[in-house]
Amino acid sequence: TQGVSSAASDVYKRQIQIWVLAGLALLVPAALFAQTGERAQVGLQCVSYGTGPMLDCLVDLKRKDGSSLDNAQVMLGALMPSMPMAHTIKPVRAASTGKPGQYQGTLALEMPGIWTVDVEVNGPLRDKVGQNLMVNACKGDSRCAAAPAKPGEKSPPHGHGKGHGGS
């Protein structure tokens, strides 16, 4: 009977070891994903130009300590908050400019007005932020700063193109 008892004890110990290892397997990825709990500091500056208009955005990424955040994958997307189902722009990858922590991408918007530009960061840190910008159409070849929209500010009246009954 001592052999049976010893065998049962070994099985029980083995089951505990499996549960402990399974628990650790769940905790390690969570700890790696959480990293330090640090969020990326995201600076966004955009200018509009051309028809559409086009929106050229420069993203500046920093860590909490102010150092540049390099080797990140940065995606830019946009939607018009007043009509998100009708005006959502497919995300584009922002490429490194060669300067530490700096990335650039261009979005082809469908019309001037208030747009929410989303910046999604993956890599050493993960984050997603959005900023409402007032995007204006510029005359000729000029470039216009897309300034942060003020709370409660509305898009100026505009004619809609295809799919909205406009011309």
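Modeller: A salt bridge is a side-chain nitrogen of Lys or Arg within 4 Å of a carboxyl oxygen of Asp or Glu. The model here is a predicted one.

Colleague: Why is the contact between Arg 143 and Asp 56 called a salt bridge?

Modeller: The N to O distance between the side chains of Arg 143 and Asp 56 is 2.9 Å. The cut-off is 4 Å, so the pair qualifies. Arg 143 lies in strand S8 (residues 143-148) and Asp 56 in strand S2 (residues 54-62), so the pair, 87 residues apart, links distant parts of the chain.

Colleague: How do you know whether Asp 56 is buried or exposed?

Modeller: Its relative accessible area is 17%. Buried means under 20%, so Asp 56 is buried.

Colleague: And what makes Arg 143 partly exposed?

Modeller: Arg 143 has a relative accessible area of 47%. That value falls between the 20% and 50% limits, so Arg 143 is called partly exposed.

Colleague: How many salt bridges does a search of the whole structure find?

Modeller: Three. Another of them joins the side chains of Arg 39 and Asp 127, with N and O 2.7 Å apart. This pair also links distant parts of the chain: Arg 39 is in the loop between helix H1 (2-34) and strand S1 (41-49), while Asp 127 is in strand S7 (residues 127-135), 88 residues away. Asp 127 has 11% relative accessibility; the limit is 20%, so Asp 127 counts as buried.

Colleague: Why does the pair of Asp 60 and Lys 62 count as a salt bridge?

Modeller: Their closest N and O atoms are 3.8 Å apart. That is within 4 Å, so the pair counts. Asp 60, at 27% relative accessibility, is partly exposed, and Lys 62, at 29%, is partly exposed too.

Colleague: Lys 62 is in S2; which residue stands opposite it?

Modeller: Gln 41 does. S1 and S2 pair in the antiparallel sense.

Colleague: How do you know that S1 and S2 are paired?

Modeller: Pairing needs at least two bridges, and S1 and S2 have nine, so they are paired. The two form a hairpin with four residues between them, and Gly 50 in the turn has a positive phi of about 65°. On the way to strand S5 (residues 102-108), S2 has seven bridges, again antiparallel; there Asp 56 stands opposite Thr 106.

Colleague: What makes S7 and S8 a pair?

Modeller: Two bridges join these antiparallel strands. At least two are required, so S7 and S8 pair. Leu 133 stands opposite Pro 148 in S8. Leu 133 in S7 is also the bridge partner of Trp 115. Nine bridges join S7 to strand S6 (residues 113-122), with the strands antiparallel.

Colleague: In what order do the strands of the closed barrel run?

Modeller: The eight strands run S1-S2-S5-S4-S3-S6-S7-S8, with antiparallel pairing. From one strand to the next, the twist averages 30°.

Colleague: What is the volume of the largest pocket, and how does its lining divide?

Modeller: The volume is about 190 Å³. The lining has four nonpolar, four polar and three charged residues. Among the lining residues are Pro 81, Ile 114, Gly 152 and Glu 153.

Key
Residues are numbered from 1 along each chain as its sequence is written. This is a predicted model: local features need pLDDT of at least 70, side-chain atom pairs count only at pLDDT 80 or more; totals for chains, interfaces and linings use all residues. Side-chain values use heavy atoms; hydrogens and water are left out. Buried means under 20% relative accessible area, exposed over 50%, partly exposed in between (1.4 Å probe, protein chains only). On a 1 Å grid over the protein atoms alone, a cavity is a set of points where a 1.4 Å probe fits but cannot get out, and a pocket is an open set with protein on both sides within 12 Å along at least five of seven lines; lining residues have an atom within 4 Å of a point. Grid points are joined across faces, edges and corners, and a volume is the space filled by probe spheres set on the points. Ala, Val, Leu, Ile, Met, Phe, Trp, Tyr, Cys and Pro count as nonpolar, Asp, Glu, Lys and Arg as charged, and the others, Gly among them, as polar. Axes are lines fitted to C-alpha atoms, for helices over the stretch in contact, and angles run from 0 to 180 degrees between N-to-C directions.
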